[in-house]
Amino acid sequence: MITVVGFSPAVDVTYNLEELVPGTSQRVSTKTSKAGGKAVNVASVLTTLGVANNVVLPLGGSSGQFIVEDLARRGISVTKFPIASPTRTCIAIVAKEATVLNEPASTLTESEYSEFEELVKKEVLGSKIVIFSGSIPANYSQDRFGKIIEAIKNSSKSVLVDCSGDWLITAASSGADFLKPNESELAEVFPNLSHSQALDKLLELGARSVYFSLGEEGGHYKNDKEGFLVQVPRLSGNATGAGDAFVAGFASALEQHLTLEEKLVLASACAGAAVINDTAGDINLDDVKSLKSQVKVVSK
């Protein structure tokens, strides 16, 4: 069992157009609405991979109820934590490229944060792997985020974190087992360091391993003993959710006790399968199988 924790779920609305022309009125070809946010995307990919998981989410308002109902229809297990603030909506406009408009994460009150933390600690009891995925509300302190990671790690669980900003530094300092920053996220926290220096810095702070995602250019993996360059096929499509699929694939491989190289191959194939799918959080297992043979992992 894998537990996925998200602080920032969303209703993802996707508009498909032939071409996006700014400053004009246009007709939408198709529209889809689904439960989303990075944590939901991770849980969705894990479910498609056949991995038992449960996603824990703070949800409020009619949009929060829509997420509960949509996840039930999709066969994704969810534990709802009710909050007063309505759950956000995010919009993706997909034409030749994807344009994504993300509302800020819904904020919780201090008492809601305390209760949510206790719920998370309870929900992870039956899991060996815990994933924190998605943006963190601005009023949730780094100190609290670090303490909940440390509390979970103290119960002998592997903690994977995909977040950004100062919370990325906190996750590293709290001993997260795996981090997955992309190029812009790494530059935000270490603007004066090279990619290699930034990876080393995260490891020095306490992270056990880091995967630096370069999108269609692949990525770099590093821990305190070894490093790998991951080369992936160039694909066109909707890259929204590709990073979430990578995290899900890596967690699935971790649960299966695959080798490190096999983990990186499966994770990268899942990311590619997400790119060629129309909506974030969806992959096709046949695509994953086909793409695995096209991923190359080279020791650095």
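I call a residue buried under 20% relative accessible area, exposed over 50% and partly exposed in between (1.4 Å probe, protein chains only). With that, I find that buried residues make up 51% of the 300 in the chain.

Before going on, I note that this is a predicted model, where local features need pLDDT of at least 70, side-chain atom pairs count only at pLDDT 80 or more, and totals for chains, interfaces and linings use all residues. Residues are numbered from 1 along each chain as its sequence is written, and side-chain values use heavy atoms, with hydrogens and water left out.

Next, the rings. I count Phe, Tyr and Trp (its six-membered ring) as paired if the ring centres lie within 6.5 Å; planes under 30 degrees apart are stacked, over 60 edge-to-face, the rest tilted. My search of the whole structure turned up eight aromatic pairs.

I looked at Phe7 with Phe145: the pair is edge-to-face, at 6.4 Å centre to centre and 80° between the planes. Phe7 sits in the loop between β1 (2-5) and β2 (10-16) and Phe145 in helix α4 (residues 142-153), so their pair ties together parts 138 residues apart in sequence. My helices (H or I, at least four residues) and strands (E, at least two) are DSSP runs, numbered from the N terminus. Both Phe7 and Phe145 are buried.

Then I checked Tyr113 and Tyr140: their ring centres are 4.7 Å apart with planes at 40°, so this pair is tilted. Tyr113 is buried at 1% relative accessibility, and Tyr140 is buried at 1% too.

Last entry: ring pairs link Phe7, Phe81, Tyr113, Phe116, Phe132, Tyr140 and Phe145 into a cluster.
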